[in-house]
Each structure stands twice: as C-alpha cells, then as structure tokens.
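Dear colleague,

I am handing over the structure below, and after it you will find notes on what came out of going through it. Please read them with the structure open beside you.

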Amino acid sequence: MIECIFTLDYEIYGNGTGSLKELVYEPAERLREIFQKWNARFVNFVEVAEFERIDALGTDADIDLVKRQIRELHRDGFETGLHLHPQWCNASFADGRWTLDYSEYNLCTLPQKRIAEVVGNSLNYLRYVLDDPGFTPLSFRAGNWLFQPTKTAADVLARNGIRVDSSVFKGGLQHSHGLDYRSALGNGDFWSFSSDATKPDPMGHWMEIPIYTEMVRPWRMATSKRMGMGAGLGNTQQPALGKLNRMRDFLRFSYPRKFDFCRMTLDELVAMMNTVIAKDRQDSASFKPIVAIGHTKDFNDPQTVDSFLGFLREKGIRVSTLASAYSQLSGTDRQRASSPASALTVKF
C-alpha cells in the first residue's frame, strides 16, 4: 500500500541570495493552487532561522507576505514542519549581502546547550508566525540533510515534542560534512531509531521516514533540468576543497537520486513511481510511505507537478503527509518497521 508524501523545503538560496517573493512566496502559491486542485496537501518544511533573521533585520519587505502564507498554508491543512539551517542564526547583513556563520553549519555538531538554544528560538519564532503559542511541529528536516551525529540533536528535538525525521536519503554521502547514509540502504521504507538516524531501534522514540531515493549511475544526474538549477545553492569556507569533496561524492559506482518533484522530469517521476508500484505488487499489504522532496527556489515547472498528481490519482495512490503516516505507524508493531528491506503491515 503506497502513499506519496510531498515535502517542500520552503527557503531562499543557501548563501542568502535571492528575493523572498520570487524564491519562496510565488512558487509556494503556484504549488498550493496545484495541490488544492487535486484536493491534496504537502508538508511545508519552513526554514525558520533565515526568516527570523530577515524579519529581525528588515532586509526584505516581502517577509510579511511569507509569514502570512505560512499561516494560510497551515490553516488550509498543509502540514508545517521544522527545517533548520543554523548558519543563519548569527547571520549579519551589510552592503546588500548576507554573511552567514558557517561554524554552525551542522546543527548536530554544536554543543547541546547551543542546539537547545537554536531549536527553542526557532520554535518560538514559528509559533509567533502561526499565532499559535501551543504549536509544536511533528516533523523535522535538517539543513543540507545533516542529521549526523544524531543523538544530541535528536534528544533536544524530542524534548521539544518532535517525533518524525525526514532528513535521511538512502545512499547519501557528503565528504565535506561527514554525512554518510549508505548504511541505511539495508533499511525498510521507514524505521524507529534513537541515537543514530540510520540505525533501526525498535525501542526508539523517533520515526525516520526517509526521502525516497534510487541508486543510479552518476552520469544520470546530469540532466538539462538539473543542470539549470545549480546557482546559489550554498557555500563552503574552502571553495576548492568543497569542489574536490563534491567530486569525491560522485566518484562511485552508483549515486542516490532523490525523488525530487522540482528537479526531475515527468518521465523520470513516473518511471520512479512505476518501480515502486511494481515492488508493491509483491507485497501490497505493507505500508509504503514514499517521500518526495522539492524546494521553492527550484520550482519552475508547474505542469510537471500537475501532471504527476494526475498520474498518482489515476493509479489510485493517495497523497499524504508525514503526520498522517505517523498516525498510522505509531499505533502498530514498530519493531517490524525496523526490519531490513521490509515495511510495516498496517491494519485498517
């Protein structure tokens, strides 16, 4: 039993360039219209740290549009998740440019006290934007997918009520930042965990519902659609070393291609889902939450998303959210969710 979960990283470029209206507000409005047309919803992963700094320093007048949109999406049933790029927390702005604090790039490598401060401030700002002091997001996605080393950050987030992570993408490897999700290739479609997001733990209080990937030859990543989306995505303190490490990330037999509804063509999306459908025929009773990812800053092809939602409707595949999936998983035998190459059987 397949459910497709669309997740949207709601943010500008990682180095601070770009306008909120063009890279966040307008793409999200187009997506909202498409999803509402199909009576579907996506998970809105709000990158809270950048919006708090933009708001505090008054660098983009359209922050009010963005805050209103976050409230409206939440009101209309789109799940609001927490997304954090902590390098924004100490960011400064001068002469029309942002200076970000790359010493805090990976939330998981910060001291526990600092992690708690970053998470607490971010949740407070999100509650302010939503005008809901009691709101706690269920789901989390780490900036640049960096949820390793997991334990300290996971403990802090869990104490704040967050229960679902969707940072892992099976087969992921980033030499620059010490990310290594290759061991998760042997896991099922989701799993419980405690101290390491890639290691299933039946007694863990966290649920990992990873971004869906398929392992492909590295050259298959170089499509014309993807190649046109490379500008402004990030920064490193050592650009030459960063480029070398990025090359090392690709120098392997197969590479994880994320289920990216902004960067993939309709044919690619359909082919990937057809592979999932074929596997489901062999075990149609098991629950298979398939997480797709997109970014507002990458969204420029509404027709592809519209057509793909039509394809899912034709195939009888429900479009869901992480909160909906978790509500199904949390009341069942979670030990089976951790079994390699399998998924949990959900009874209705």
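**Helix packing**

Helix 1 (residues 20–37) packs against helix 3 (residues 63–75) with their axes 10 Å apart and at an angle of about 25°, where axes are lines fitted to C-alpha atoms, for helices over the stretch in contact, and angles run from 0 to 180 degrees between N-to-C directions. Helix 1 is therefore roughly parallel to helix 3 (angles under 35 degrees count as roughly parallel, over 145 as roughly antiparallel, 65 to 115 as roughly perpendicular and the rest as oblique). The crossing of helix 1 with helix 3 is left-handed, a term used if the near helix is turned anticlockwise from the far one by less than a right angle, with right-handed used if clockwise. On the side of helix 1 the contact is made by L20, V24, Y25, A28, E29 and R32, and on the side of helix 3 by I63, L65, V66, R68, Q69, E72 and L73, contact meaning heavy atoms within 4.5 Å. These residues comprise eight nonpolar, one polar and four charged (Ala, Val, Leu, Ile, Met, Phe, Trp, Tyr, Cys and Pro count as nonpolar, Asp, Glu, Lys and Arg as charged, and the others, Gly among them, as polar).

Please bear in mind that this is a predicted model, in which local features need pLDDT of at least 70 and side-chain atom pairs count only at pLDDT 80 or more, while totals for chains, interfaces and linings use all residues. Residues are numbered from 1 along each chain as its sequence is written, and side-chain values use heavy atoms, with hydrogens and water left out. Helices (H or I, at least four residues) and strands (E, at least two) are DSSP runs, numbered from the N terminus.

The axes of helix 2 (residues 48–57) and helix 4 (residues 112–130) come within 9 Å and cross at roughly 70°, which makes helix 2 roughly perpendicular to helix 4. Their crossing is left-handed, and the contact involves V48, F51, E52 and D55 of helix 2 together with S122, Y125, L126 and Y128 of helix 4. By class, this contact has five nonpolar, one polar and two charged residues.

For helix 8 (residues 266–282) and helix 9 (residues 302–314), the axes come within 10 Å and cross at roughly 25°, and the two helices are therefore roughly parallel to each other. Helix 8 passes helix 9 in a right-handed crossing. L266, L269, V270, M273, N274 and I277 of helix 8 meet T304, S307, F308, F311 and L312 of helix 9, a set with eight nonpolar, three polar and no charged residues.

**Loops**

D76 sits in the loop between helix 3 and strand 3 (79–84), and, leaving aside residues up to four places away in sequence, D76 touches R32, Q36 and R41. D76 and Q36 are 40 residues apart in sequence and 9.3 Å apart in space, C-alpha to C-alpha.

Most residues other than glycine have a negative phi, and most peptide bonds are trans. N39, in the loop between helix 1 and strand 2 (43–47), has a positive phi of about 50° although it is not a glycine. The peptide bond from Q148 to P149 is cis, with omega near -10°, and P149 lies in the loop between strand 6 (139–142) and helix 5 (151–159).

**Lining residues**

E11, I12, Y13, G14, E50, H85, Q87, W88 and K297 line the largest cavity (on a 1 Å grid over the protein atoms alone, a cavity is a set of points where a 1.4 Å probe fits but cannot get out, and lining residues have an atom within 4 Å of a point). That lining divides into three nonpolar, three polar and three charged residues.

With best wishes

Note on methods: On a 1 Å grid over the protein atoms alone, a cavity is a set of points where a 1.4 Å probe fits but cannot get out, and a pocket is an open set with protein on both sides within 12 Å along at least five of seven lines; lining residues have an atom within 4 Å of a point.
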